[in-house]
Amino acid sequence: MPQVKIIAKNFMDMVASLPAIKLDLLYRNQFICEAILRSLPPLAKKYVLQMLYIDIPITSKSLQEWLLADGSSKHKVAIDRLIQLRVFEVIDRKKETTYKLNSTFQTNLRKHMISGGILPREPMPQSVTARLPTSEELDAYAHEQWECFLLQLISSGQAEKSTSFSDSMMRIFQRGLLRQRDKEAPRLTDSGFQFLLMDTNAQLWYIIREYISNSEEQGVDQADLIAFLLELSFHTPGEAYSLDTLTDDQTTMIKDLADLGLVKLQKGRKESWFIPTKLATNLSVSLTDSSSRKQGFVVVETNFRMYAYSSSKLHCEILRLFARVEYQLPNLIVGAITKESLYNAFENGITAEQIVTFLQQNAHPRVAEKLPSVPENVTDQIRLWETDLNRVEMTPAHFYDEFPSRDVFEAASDFARMHNGLLWEDAKKMRMVVKAEIHMLMREHLRGQNK
Amino acid sequence: MASAPSKLYADDVSLVVVLLDTNPFFWSSSSLSFSQFLSHVLAFLNAILTLNQLNQVVVIATGYNSCDYVFDSSSDLNRSFENGRMPVMCSSLLQKLEEFLIKDEQLSKEEPEGKIKSSLFSGSLSMALCYIQRVFRSGALHPHPRILCLQGSPDGPEQYVAIMNAIFSAQRSSVPIDSCYLGSQNSAFLQQASYITGGVHHKPQNLDGLFQYLMTIFATDLHSRSFIHLPKPVGVDFRASCFCHKNTIDMGYICSVCLSIFCKHHKKCSTCGSVFGQAQSEAASASDKKRKTPET
């Protein structure tokens, strides 16, 4: 059994949790094999490549011989991952375990290496599509759609237009992110705040994961959806592909994806087509590869002032979470990171690490090349303010006073110590503080003592 | 110039610059035919590009008289994959290679007999280093570069100075030079290059399985190299060649100012112009005699 717990933080974990038969079906698609290969840790990729043309099983001992001493932990992680995704098949002989590549995976990957992959659809000729949007226009469109969706998600009332997601869909996305009490406007939960501070890829994955887990109820097969998404990530951004090449399920999916900003739908005179954006092609990239080269926009100064060169409402909302926004100009948001604003953020469940990571990842290109991109005194102070709140630790307890005699006091304190509940005692004045959990036991003990 | 830290990239994003030996004198006498060799290499390049979406591959052809870029995976032409990545890559690479070989042949002049038919390795190594410098200067985010040399031609001692300069500059920029020697003898230059820059040198025993050698040894990204056993250098030949006649020598004269190596006694150093002392006897004059032996 794999020893690594599956935390479905990203797409590949979800793929790994599919049943074995479905996974074998998925591996018939060359692009999925490539996507899975890309998502493996580097050592696992090496093993797959080395075993690609070896037909006999390899003992785990020989695999260990490929390693140097430093690598044993990484080796374990790699092997576990490979077994989890059923890329490696384990054959337990009597003496030792051997590994072999999954045969469907192996044949398809070999074919992919030698003859390359051919997409099931070709881009449409220029004559039909006329003028396609440029890559900047496409990026702007994707960005706008995604922001609009996020604003609607946190129902901040600032969204200019609403997406065509049904209310029930939005509620499913919001589950876990928003909490609504009666007669109050919905408030963001801890995970909601953390969600906002994640980078776009991670947010996208969260939404898509919810979408896919929900699709079973809508009657669409999960494996098909995953296969389509992975295929989509190999299309060329900016090229138009005809909608006629999609199945019905895929057509419904495309409309939802257009709302998220993954594709752009356009109509010609007779035909309609979709154009994948960069958000779609980044789908197969794992979470650690944040190749989102989107421009950072935040400059943090050593005097705790913050200048954000952005006109997006979403950015303003996010910055309001932990900083005091002072002025908002057409292209600039001026604010300051203060103790009050940070305490506010900490109360909402955001950690200092998240704030610092957010600032570092979104640093303006002018400061991004400097090390550190956020001044150290600011990051240190944020962390110190966080530990300020953790200075005092509270435990519910009971206070005992006025013991009749020293013997009773000492018996009681031994009793409390035996039950691991003694928090504090003052032998001179015969007082003690005992944890609330054993309060009842103490009472009975003391009553017994009295008699 | 030190490379900017590529911390925002995952560890195994790499840029591989492949130096392909296209010396017709070597390939005509090799047991592996050039077309078979190319099929191994093309599959290997495709494997590198499959490993990571952000990996880049650049191929430079080392000809007899000239060198040129033959393939760059990050150029716009090569990015649209309607018909699949492999056919696009193959057609563009093979076409450029053909054009290069025709041009290279036209540059051939009459050569004296007995000259070692070596390829212009120093030229392509320098071109690779220039490309990598450009990548370093393009910003904070860049893949980890390394150079892979697929050479079969024998070493040309007249290129010694240029190659050593290139190796030292690669060492300073922390660019490992891997080398795979396909010929029958040993190549001192390749061994020294890999030893000094921290790369891997290997001479495959069975050239039919070249693809498997490439996948096992040379497809390892720089991050994983600290965890995997790779062929270690055994008996590197450190002999130099003299600056005046370009012969490989074991013992010679060295200028104490600039460390240039000469096989015969000279009055003046040809590199730095310093005059060698004439007052003492010829045997133990101002230029040191240094014993150079191959290290075991």
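Which domains does the domain assignment give for chain B? Here are some notes on that and a few other points.

1. **Ground rules.** This is a predicted model, with local features needing pLDDT of at least 70, side-chain atom pairs counting only at pLDDT 80 or more, and totals for chains, interfaces and linings using all residues. Residues are numbered from 1 along each chain as its sequence is written, chains are lettered from A and ligands numbered from 1 in the order in which they are written, and side-chain values use heavy atoms, leaving out hydrogens and water.

2. **Domains of chain B.** To take the opening question: chain B is assigned domain 1 (6-227) and domain 2 (240-295), with bounds from an automatic or database domain assignment. Domain 1 of chain B puts 4 residues into the contact and domain 2 of chain B puts in 5 residues, contact being heavy atoms within 4.5 Å. The area buried between them is about 440 Å², with 64% from carbon and sulfur atoms; buried area is the accessible area (1.4 Å probe) that two parts lose on being put together, summed over both. On the domain 1 side, Pro157(B), Tyr160(B) and Val161(B) lose the most area, together 81% of what that side buries.

3. **Chain B overall.** Chain B has 7 helices and 11 strands; these are DSSP runs (helices H or I, at least four residues; strands E, at least two), numbered from the N terminus. Of its 296 residues, 52% count as buried, where buried means under 20% relative accessible area, exposed over 50%, and partly exposed in between (1.4 Å probe, protein chains only). Among contacts between residues at least 6 apart in sequence, 67% join residues at least 24 apart.

4. **Strand β4 of chain B.** Pro145(B) sits in β4 (residues 144-151) and counts as buried at 5% relative accessibility. Beyond neighbours within four places in sequence, Pro145(B) touches Leu15(B), Ile132(B), Phe136(B), Val175(B), Pro176(B) and Leu222(B). Arg146(B) makes a salt bridge with Asp178(B), the closest N and O atoms being 3.8 Å apart. That pair links distant parts of the chain, Arg146(B) in β4 and Asp178(B) in β5 (residues 177-181), 32 residues apart. Both ends are buried: Arg146(B) at 1% relative accessibility and Asp178(B) at 0%.

5. **Chain A and two of its helices.** Chain A has 22 helices and 15 strands, and buried residues make up 50% of its 451 residues. Helix α3(A) (residues 30-39) has 10 of its 10 residues buried, so it is largely enclosed by the rest of the structure. For α4(A) (residues 42-51) it is 9 of 10, so that helix is also largely enclosed.

6. **Salt bridges in chain A.** The count over all chains is 9 salt bridges. Glu425(A) pairs with Arg417(A) at 2.7 Å between the closest N and O atoms; Glu425(A) is partly exposed at 30% relative accessibility, and Arg417(A) is partly exposed at 45%. Arg431(A) and Asp426(A) meet at 3.6 Å, N to O, with Arg431(A) partly exposed at 24% and Asp426(A) buried at 18%. Arg305(A), Arg324(A) and Glu326(A) are linked in a network of salt bridges.

Notes:
A salt bridge is a side-chain nitrogen of Lys or Arg within 4 Å of a carboxyl oxygen of Asp or Glu.
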